[in-house]
Amino acid sequence: MKKIVVTVIGADRVGIVAQVARNLADTNINILDISQTIQDGIFSMVLICDMEKASVSLKEFQDKMAQEGKKLGVDARVQLADLFYAMHRI
């Protein structure tokens, strides 16, 4: 399994979850876990995904999500899960 972490943060608006999920489905990336919240109008979402069968490379998906984030008015980032866990280990 090739796990990635997708983080999305920005002003809340209709369609953020739908568009992110659509991009994942379009590239054959499976959502394993999802957490999202809205606090004081700020939307935040973290997805753990498996891109073992993805139709794109990690770099291509990172670029795609960065562009999609700009369209949605949010910051959308993609990292390998191993790197993410190593960076956030206490």
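Predicted model: local features only at pLDDT ≥ 70, side-chain atom pairs only at ≥ 80, totals over all residues.
Local features need pLDDT of at least 70, side-chain atom pairs count only at pLDDT 80 or more, and totals for chains, interfaces and linings use all residues. Numbering runs from 1 along each chain as its sequence is written, and side-chain values use heavy atoms, without hydrogens and water.

Start with helix α1 (residues 16-26) and helix α2 (residues 58-72). Helices here are DSSP runs of H or I, at least four residues, numbered from the N terminus. The two axes come within 11 Å and cross at roughly 160°. Axes are lines fitted to C-alpha atoms over the stretch in contact, with angles from 0 to 180 degrees between N-to-C directions. α1 and α2 are therefore roughly antiparallel (over 145 degrees).

Now the contact (heavy atoms within 4.5 Å). From α1 come I16, Q19, V20, N23 and L24; from α2 come F61, K64, M65, E68 and L72. These residues divide into 6 nonpolar, 2 polar and 2 charged. Nonpolar means Ala, Val, Leu, Ile, Met, Phe, Trp, Tyr, Cys and Pro; charged means Asp, Glu, Lys and Arg; the others, Gly among them, are polar.

The whole structure holds 3 salt bridges (a side-chain nitrogen of Lys or Arg within 4 Å of a carboxyl oxygen of Asp or Glu). D63 pairs with K59 at 3.0 Å. Both lie in α2, 4 residues apart, about one turn. K71 and E68 meet at 4.0 Å, N to O. E68 is buried at 10% relative accessibility, whereas K71 is exposed at 67%. Buried means under 20% and exposed over 50%, using a 1.4 Å probe and protein chains only. R77 bridges to D75 at 2.7 Å.

Note on methods
Helix = DSSP H or I, 4+ residues; strand = E, 2+ residues; numbered from the N terminus. Parallel < 35°, antiparallel > 145°, perpendicular 65-115°, else oblique.
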